[in-house]
Amino acid sequence: MKIDDFCKFLGISTPTIYNWKKEKPNLYKIVMNYKDEKLNNLTKEEEEILKLFNTLEEKEREYYILDIKTRLAKKEIDKK
């Protein structure tokens with residue numbers, strides 16, 4: 001994941017992450033370690049979904065999360 005996309009994921013500006021590097025090195029290390037360990041292991045499809053999800057507004061995100069949970073619950077019910 002590119003740094004610009006990662007900053008969007010975090011909800012911060014790109015200059016902010018560079019300021020953290022200078023002014024808050026421990027915070028920067030924690031955030032970058034998270035990026036390297038968790039986000040760099042995503043498939044292309046997962047990256048695309050995350051990128052698209054991050055473009056949504058909060059209510060839209062809530063809607064799609066609830067939709068996914070509903071579909072999964074329906075699948076569980078149908079299995080029984």
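Trainee: How many residues apart in helix α5 are Lys-74 and Asp-78?

Mentor: Lys-74 and Asp-78 are four residues apart in helix α5, so about one helical turn separates them. Helices here are DSSP runs (H or I, at least four residues; strands are E, at least two), numbered from the N terminus. This is a predicted model, where local features need pLDDT of at least 70, side-chain atom pairs count only at pLDDT 80 or more, and totals for chains, interfaces and linings use all residues. Residues are numbered from 1 along each chain as its sequence is written, and side-chain values use heavy atoms, with hydrogens and water left out.

Trainee: What do the side chains of Lys-74 and Asp-78 meet in?

Mentor: A salt bridge, with 3.1 Å from N to O. The term means a side-chain nitrogen of Lys or Arg within 4 Å of a carboxyl oxygen of Asp or Glu.

Trainee: Is Asp-78 buried or exposed?

Mentor: Asp-78 counts as exposed because its relative accessibility is 52%. Lys-74 is partly exposed, with a relative accessible area of 49%. The cut-offs are under 20% relative accessible area for buried, over 50% for exposed, and partly exposed in between (1.4 Å probe, protein chains only).

Trainee: How many salt bridges does a search of the whole structure find?

Mentor: Four. One of them joins Asp-67 and Arg-71, whose closest N and O atoms are 3.0 Å apart.

Trainee: Where do Asp-67 and Arg-71 lie?

Mentor: Both are in helix α5, four residues apart, about one turn of the helix. Asp-67 is partly exposed at 25%, while Arg-71 is exposed at 58%.

Trainee: Which residue does Glu-62 form a salt bridge with?

Mentor: Lys-59, and the closest N and O atoms are 3.7 Å apart. Glu-62 counts as partly exposed at 33% relative accessibility, and Lys-59 as exposed at 64%.

Trainee: New topic. At what angle do the axes of α1 and α3 cross?

Mentor: Roughly 110°, and the axes of helix α1 (residues 3–10) and helix α3 (residues 25–38) come within 12 Å. That makes α1 roughly perpendicular to α3. Axes are lines fitted to C-alpha atoms, for helices over the stretch in contact, with angles from 0 to 180 degrees between N-to-C directions. Under 35 degrees counts as roughly parallel, over 145 as roughly antiparallel, 65 to 115 as roughly perpendicular and the rest as oblique.

Trainee: Which residues in α1 and α3 meet?

Mentor: Ile-3, Phe-6, Phe-9 and Leu-10 in α1 meet Val-31, Met-32, Tyr-34 and Lys-35 in α3; contact means heavy atoms within 4.5 Å.
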